[in-house]
Amino acid sequence: MATSASVPDVLRADVETLWDYHDMHHTVRPAGVGIGLGSHDLGVATHAADLYLRGLFPLIVFTGANAPTTVSRFPRGEAVHYKEHAVERGVPDGVVLVEPRATNTGENFTYTRDLLAQHGITITSAVLISRPYQQRRAYATCKKIWPEIEVTCASLPLSLDDYVENIGDVDRVINMLVGDTQRITEYAKKGFAVEQPYPDEARAAFERLVDAGYTSRLI
């Protein structure tokens with residue numbers, strides 16, 4: 001497996017195939033709320049702030065507790081740190097709600113919906129802001145849990161190479177891409193998400209990367 005901070009040439013075509021598959025290629029439209037999904041990636045909060053400042057939505061909800069991989073970086077919880085980062089970038093404190101309990105994508109949307117209801121806020125549309133390779137899973141999960149709202153997906157606009165350089169660990173990025181690809185089909189089978197297209201080229205790329213040893217994020 002790769003150990004450098006760049007995608008090896010022998011794997012590049014397959015990694016790029018999965019990278020493109022998870023990008024929903026949505027044009028972000030104005031919406032009632034921006035929902036930033038917690039993770040290790042502070043770029044989620046950066047992009048949520050940028051979209052707010054461009055006037056795409058009047059309210060942000062950051063949702064996420066901690067995972068073993070994020071507790072050292074975000075000791076007060078992912079959503080709390082995301083809010084602090086957004087405020088530092090110029091977002092008014094009063095337009096950001098924090099949902100600090102969610103530990104998976106389903107809970108992100110369930111708890112966010114509950115939080116908005118508690119505040120008497122009704123929405124018909126949302127922008128889902130996530131890591132680039134989480135877009136498709138976020139979309140499929142939200143449409144299962146919250147089908148009545150219209151959603152578009154967004155991520156900090158980075159190329160695969162720029163994202164790998166930003167994370168600094170190509171193995172981690174490839175393993176996460178492989179894991180999220182498996183979750184698209186498996187979570188639909190379990191009723192956690194709606195079904196998504198799964199083109200032959202994405203399936204073949206997934207299988208080759210599994211065969212190459214990228215299995216640490218498989219279910």
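Colleague: Which helix gives the most to the lining of the largest pocket?

Modeller: Helix 7 does, with 6 residues, a helix being a DSSP run of H or I of at least four residues, numbered from the N terminus. A pocket is an open set of points on a 1 Å grid over the protein atoms alone, where a 1.4 Å probe fits, with protein on both sides within 12 Å along at least five of seven lines, and its lining residues have an atom within 4 Å of a point. This is a predicted model, in which local features need pLDDT of at least 70 and side-chain atom pairs 80 or more, while totals for linings use all residues. Numbering runs from 1 along each chain, and side-chain values use heavy atoms, without hydrogens or water.

Colleague: Which residues lie nearest the centre of the largest pocket?

Modeller: Ala67, Thr103, Arg131, Met176 and Arg217 do, out of 27 lining residues, which divide into 6 nonpolar, 14 polar and 7 charged. Helix 4 (105–118), like helix 7 (170–190), supplies at least two residues of that lining.

Colleague: And how much space lies in the second largest pocket?

Modeller: About 190 Å³, and Asp23, Gln135, Ser155, Leu156 and Pro157 are the closest to its centre among its 15 lining residues. That lining has 9 nonpolar, 5 polar and 1 charged.

Colleague: Switching to helix 3, which residues are buried?

Modeller: In helix 3 (residues 78–88), Glu78, Ala79, His81, Tyr82, Lys83, His85 and Ala86 are buried, meaning under 20% relative accessible area with a 1.4 Å probe, protein chains only. Gly90, which follows helix 3, has a positive phi near 110°.

Note on methods:
Ala, Val, Leu, Ile, Met, Phe, Trp, Tyr, Cys and Pro count as nonpolar, Asp, Glu, Lys and Arg as charged, and the others, Gly among them, as polar. Grid points are joined across faces, edges and corners, and a volume is the space filled by probe spheres set on the points. Buried means under 20% relative accessible area, exposed over 50%, partly exposed in between (1.4 Å probe, protein chains only).
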